[in-house]
Amino acid sequence: MVERIEDLNLPNAVIARLIKEALPDGSNVSKEARAAIAKAASVFAIFITSSSTALAHKQNHRTITAKDILQTLNELDFESFVPSLTQDLEVYRKMVKDKKESKANNKKDASTGDATASSSSAVVVADSEEAA
Amino acid sequence: MVDADNTQLNHKPSADTFLPLSRVRTIMKSSMDTGLITNEVLFLMTKCTELFVQHLAREAYMASCAKQSNDTLKYEHLSQLVNKRKNLEFLLQIVPEKIRVHEFQEMLRLNRSNASDDDDESCTESESDDE
């Protein structure tokens with residue numbers, strides 16, 4: 001549950017950065033326009049979430065899946081987002097898979113007392129252990 | 001579609017997000033009966049929201065600023081875009097056209113030229129008088 005309405009706002013600095021990235025160099029954004037975009041983004045997330053939830057329920061699923069979201073975007077006329085998101089999702093899934101594998105490897109290494117466990121995988125494991 | 005090209009342009013697939021996942025999760029939860037949110041769904045929604053922010057900014061800029069060789073994106077450009085695009089209909093109440101209110105008041109004033117002009121500044125009294 002949301003305690004304060006501010007909890008639904010997205011951080012201004014990040015929004016400003018995303019906007020700046022999207023516009024040509026040297027362009028400006030008024031404060032009011034930025035606030036409106038931030039608000040619109042929150043509403044967009046809620047809108048897509050509830051539409052995806054409705055779609056999942058229609059298929060007798062209790063929780064939404066990535067597929068539900070992509071299908072919702074198509075239905076709501078945001079199909080231009082889908083190719084990029086599909087690519088991002090692939091990268092994300094690969095990252096999660098790699099994380100799992102390196103964690104498993106690291107466990108093996110640790111049990112045999114292998115001190116030469118690669119530092120890169122150690123970092124990843126530390127990351128995922130924090131989340132656990 | 002120009003639209004699609006723009007979104008695709010300079011997009012590098014990446015597993016990094018700029019917006020905080022926890023905040024996006026809170027926003028998603030605020031929607032009624034959202035069930036469990038998996039990490040994958042949370043990631044996708046965050047990415048999607050980021051794309052939306054950039055899409056909205058770019059489209060509004062292209063539609064107004066670029067044409068007028070004006071370099072500042074203003075609120076009005078956003079509300080104009082929201083009014084124009086069918087897929088942004090859900091934002092009509094979030095990003096309303098400000099100009100409309102003034103026009104509306106102007107219309108009201110013209111229609112009831114006998115009404116007093118005391119409450120010029122206060123926008124509170126906007127009783128609609130249809131027909």
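Modeller: A polar contact is a pair of N or O atoms within 3.5 Å; within protein, one must be able to donate a hydrogen and the other to accept it. The model discussed here is predicted.

Biologist: How many residue pairs are in polar contact between chain B and chain A?

Modeller: The count takes pairs in which both residues have pLDDT 80 or more. Between chain B and chain A, the number of residue pairs in polar contact is twelve.

Biologist: Which element gives the largest share of the side of chain B that touches chain A?

Modeller: Several elements of chain B give two or more residues to that side, namely α1 (2-8), α2 (21-30), α3 (39-65), β1 (72-73) and α4 (75-84). The residues of this side divide into 29 nonpolar, 15 polar and eleven charged. The largest share, 19 residues, comes from α3(B).

Biologist: What is the area buried between chain B and chain A?

Modeller: The size of an interface is often given as the accessible area lost when the parts come together. Here 55 residues of chain B are in contact with 62 residues of chain A. Carbon and sulfur atoms give 73% of the buried area, which is about 5400 Å².

Biologist: Which three residues supply more of the area that chain B buries against chain A than any other three?

Modeller: Their part of the area buried by chain B is 12%. The three residues are F18(B), I27(B) and L44(B).

Biologist: Which side chains meet in a salt bridge between chain B and chain A?

Modeller: Over all chains the structure holds seven salt bridges, and the count between chain B and chain A is one. One partner lies in helix α3 of chain B and the other in helix α4 (residues 82-111) of chain A, so the pair joins two chains. With N to O at 2.7 Å, the side chains are those of E40(B) and R93(A).

How values were computed: Residues are numbered from 1 along each chain as its sequence is written. Chains are lettered from A and ligands numbered from 1 in the order in which they are written. This is a predicted model: local features need pLDDT of at least 70, side-chain atom pairs count only at pLDDT 80 or more; totals for chains, interfaces and linings use all residues. Side-chain values use heavy atoms; hydrogens and water are left out. Contact means heavy atoms within 4.5 Å. Buried area is the accessible area (1.4 Å probe) that two parts lose on being put together, summed over both. A salt bridge is a side-chain nitrogen of Lys or Arg within 4 Å of a carboxyl oxygen of Asp or Glu. A polar contact is a pair of N or O atoms within 3.5 Å; within protein, one must be able to donate a hydrogen and the other to accept it, and residues adjacent in sequence count only if both atoms are side-chain atoms. Helices (H or I, at least four residues) and strands (E, at least two) are DSSP runs, numbered from the N terminus. Ala, Val, Leu, Ile, Met, Phe, Trp, Tyr, Cys and Pro count as nonpolar, Asp, Glu, Lys and Arg as charged, and the others, Gly among them, as polar.
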